[in-house]
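Please look over the structure below before reading on. The paragraphs that follow walk through it part by part.

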Amino acid sequence: MNGEADMWFIGKLSRDKQGVGSIVGAVFMLLILLTGFTHYIVNVNVTEVYNEVLQDMGELDLKRNKENIEFTRVSKTSGNKLNVTVKNTGSYQIHIIWLGVFNESATPDTQDYYELDVHVDPAETVTNIDSSVTVSTGQLRIQLVTELGNKFSSSYPEEESGYNFVDEEGDTPTTGTHSLFSAQQAGPDGIMDTLTEGSSSTNQTANSDLDRNDWISGQSSAGDVSAGILGDTYSSDDTRYELVETKATAGGSAGSRNYLLAWRFDFTGLSSSRTDTHVYIEAQTTGETFRLYWSSDDSTMNYLGTITSTSDSWINWDIPDDTSTTIYIILKDNNDARADGTDTTTADLIKIDALFLEIAPTYELDLEVQWISADYDEANEWLCIYSGTMAAENIQVDVWDGTGWTTVFTDLSSGWNSVDVSSYLNSWTFKIRFRTSDDDFPHSWEIDATFLYVWS
Amino acid sequence: MTNSFFRNKRGVSEIISSLIIMLIVTAAGAGLYAYSLNAFSSSGSSFLLQTSGKEERAQERLLITTVWWNDTTDYLNVTVLNYGKIELAIDAVYIDGGQVSASAFTDGKGETVATESLVSVKFTSPVSIVDGQNYEIVAVSERGSRYVVYWEA
């Protein structure tokens, strides 16, 4: 080899030919650092996710601690259906997901859970939880479980002393309405059940009828119609009863005597405090126009209107208010003279479908409410009613003593009304009624809470 | 002789030396990188696994809603609600510190419980149940979450 070749292969180390190894080493160091950084980033992300989970769960725990439910009422309906009323007294909306019903009287105890999906907003009261569940008799423990993991329990029947809120609306028929009966089953909480008087208008058919032929001297009697009209049920049923004109048998010359009709219908036993009375008739004639009158004394005839051959639909006229307890409705043909020759050839008739008086509506209240699981064997038993805004008219409260109604309040005041009912409360079932006398205006009264307060 | 030998050798060329150095550096770098990769990977996996387990456990919530003792059959029935964010399974129950043996369970142990669901865990108590006495009951999930309730028989 020559010197130049020697230098290429085994040449002398030169100080100015260094750096390649350092670059390679630096690259590896960079790779290692990058790998470490990547792992660091991944770990930071994982830690962040974990911290977020911890934060979320911490918030849930915080919310859970602020959940609270108060049982305002646990009752059973007449069909043994459970009816739970609760109020959310916590700060957040509560989602109730399970209902537990534990019968502690059974041997062995029974424990049943029913799925629920009930949301209760803060300060909201929810009732009818869970009215689809049939429960047995005995001492029950009712448990509500929330989505956030809280459980709330109540006993049924309630403990020896306590507030027995009214269970349900009472027997029908009733007069008047509740706006929100469940409002009486909790509180006082400002949620009112407004009791409003209902209308009690009546329709009355004639009690009797009479051929009033003496109004036109010499007029003969027309055919009897009473069997049909007096029993009619106010309906336009096209079952018609006919009154036929008959020819006068006296007065004037025989050739000038008219076909005549005068018939009276008597409506008796009416209230002397009627405020609005109408006579309703559906009838038509075979051609002649017939006239209708009313009288309170069977002497003074007051004209109402006419029935024609085309008036086969409901017609009504107002009868002015008075204090008479009997009203006469008189039906006459169109002739005022018995023999003036104006109606001598045709015996017209009037076909009456229905005839009645509508006695104007009056307003009154008669609403029953009752307990079906009242605690009746305590030494002290008081009926408590908390009222809101009250009408000026008196609202009376009666209790059922087993044989009849006894008045315990002649009127309710706004606020608390309490009375000892221990002498009337003798069974699981206890009922009261709200009553008013009838008048011509629908009044209303607010009831916030109705319950029995009992203690040993 | 020796001095003469070294003096006569002029060493390898720069290229060869560079190659040798590169080889050494590359090998050392690769080894170091492989080691660090393995170290990062194993520590990362371990961290991930550990964090994942802690995260799941953090999401677990259980509540004993009721305890029912059937004195006829001597079975204890513990109803557990899963109100957490993930499903869980009851792995163990302790009564006054005594663990209920696996063979004593008749229902509910190891059963997957979805969120917002209930599970009824039924077993024979390792301690005798006396009416009116209080007992500490602990339910433990497979991930290690626990709930304690004090129950009067």
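**A walk through the two chains**

Ala123(A) counts as exposed because it has 11 C-beta neighbours inside 10 Å, and a residue with 12 or fewer falls in that class. Ala123(A) sits in the loop between S4 and strand S5 (125-129) of chain A. Its backbone is worth a look as well: phi of Ala123(A) is near 70°, a positive value in a residue other than glycine. Most residues other than glycine have a negative phi, and most peptide bonds are trans.

The model is predicted. The predictor gives the complex an ipTM of 0.79 and a pTM of 0.48. For chain B, the pLDDT averages 83, and 92% of the residues score at least 70. Where pLDDT is low, the predicted coordinates should not be read in detail.

Chain A comes next. It has 456 residues, of which 32% count as buried. Its secondary structure consists of three helices and 32 strands. Among the contacts in chain A with a separation of 6 or more, 76% are between residues 24 or more positions apart.

One strand of chain A to follow is S6(A). How many of its seven residues are buried? Five of them are, and S6(A) is mostly covered. On one hand, S6(A) is joined to S3(A) by seven bridges, and the two run antiparallel. Within that pairing, Ile96(A) stands opposite Thr146(A) of S6(A). On the other hand, six bridges join S6(A) to strand S7 (residues 151-156) of chain A, again in the antiparallel sense. Here Leu144(A) has Phe152(A) in S7(A) as its bridge partner. S6(A) and S7(A) form a hairpin with four residues between the strands, and in this hairpin Gly149(A) takes a positive phi near 90°.

Further along chain A there is an open sheet of five strands. The order is S9-S26-S31-S28-S29, with antiparallel pairing. Strand S9 (168-169) and strand S29 (405-409) of chain A stand at the edges; each has a single partner strand, so one side of each is left without a neighbour in the sheet. Inside this order, strand S28 (residues 396-400) and strand S31 (residues 430-435) of chain A run antiparallel and are joined by four bridges. Asp398(A) stands opposite Arg433(A) in S31(A).

Chain A also contains a cis peptide bond. Which two residues does the cis peptide bond join? It joins Gly187(A) and Pro188(A), with omega about 10°. Pro188(A) is located in the loop between strand S10 (177-178) and strand S11 (193-196) of chain A.

Chain B has an open sheet too, this one of four strands. The order is S1-S2-S7-S5 in chain B, and the pairing is antiparallel. Strand S1 (62-70) and strand S5 (105-107) of chain B are the edge strands, each pairing on one side only. From one strand to the next, the twist averages 25°. Strand S2 (residues 75-82) and strand S7 (residues 117-124) of chain B pair in the antiparallel sense over eight bridges. In that pairing, Tyr75(B) has Thr124(B) in S7(B) as its bridge partner. In a regular strand the side chains alternate between the two faces of the sheet.

A loop of chain B holds another residue with a positive phi. Asp96(B) lies between strand S3 (88-95) and strand S4 (98-99) of chain B, and its phi is near 50°, a positive value in a residue other than glycine.

The last part is the place where the chains meet. There, 41 residues of chain A are in contact with 38 residues of chain B. On the side of chain A that touches chain B, helix H1 (3-10), helix H2 (20-65), strand S3 (94-103), strand S4 (110-120) and strand S6 (140-146) of chain A each supply at least two residues. The largest share, 18 residues, comes from H2(A). By type, the residues of this side of chain A divide into 23 nonpolar, 13 polar and five charged.

Methods:
Residues are numbered from 1 along each chain as its sequence is written. Chains are lettered from A and ligands numbered from 1 in the order in which they are written. This is a predicted model: local features need pLDDT of at least 70, side-chain atom pairs count only at pLDDT 80 or more; totals for chains, interfaces and linings use all residues. Two residues are in contact if their C-beta atoms, placed from the backbone, lie within 7 Å. Ala, Val, Leu, Ile, Met, Phe, Trp, Tyr, Cys and Pro count as nonpolar, Asp, Glu, Lys and Arg as charged, and the others, Gly among them, as polar. pLDDT is the predictor's confidence in each residue, from 0 to 100. Two strands pair if DSSP finds at least two bridges between them. Axes are lines fitted to C-alpha atoms, for helices over the stretch in contact, and angles run from 0 to 180 degrees between N-to-C directions. A residue is buried if 20 or more other C-beta atoms lie within 10 Å of its own, exposed if 12 or fewer, and partly exposed in between; C-beta atoms are placed from the backbone.
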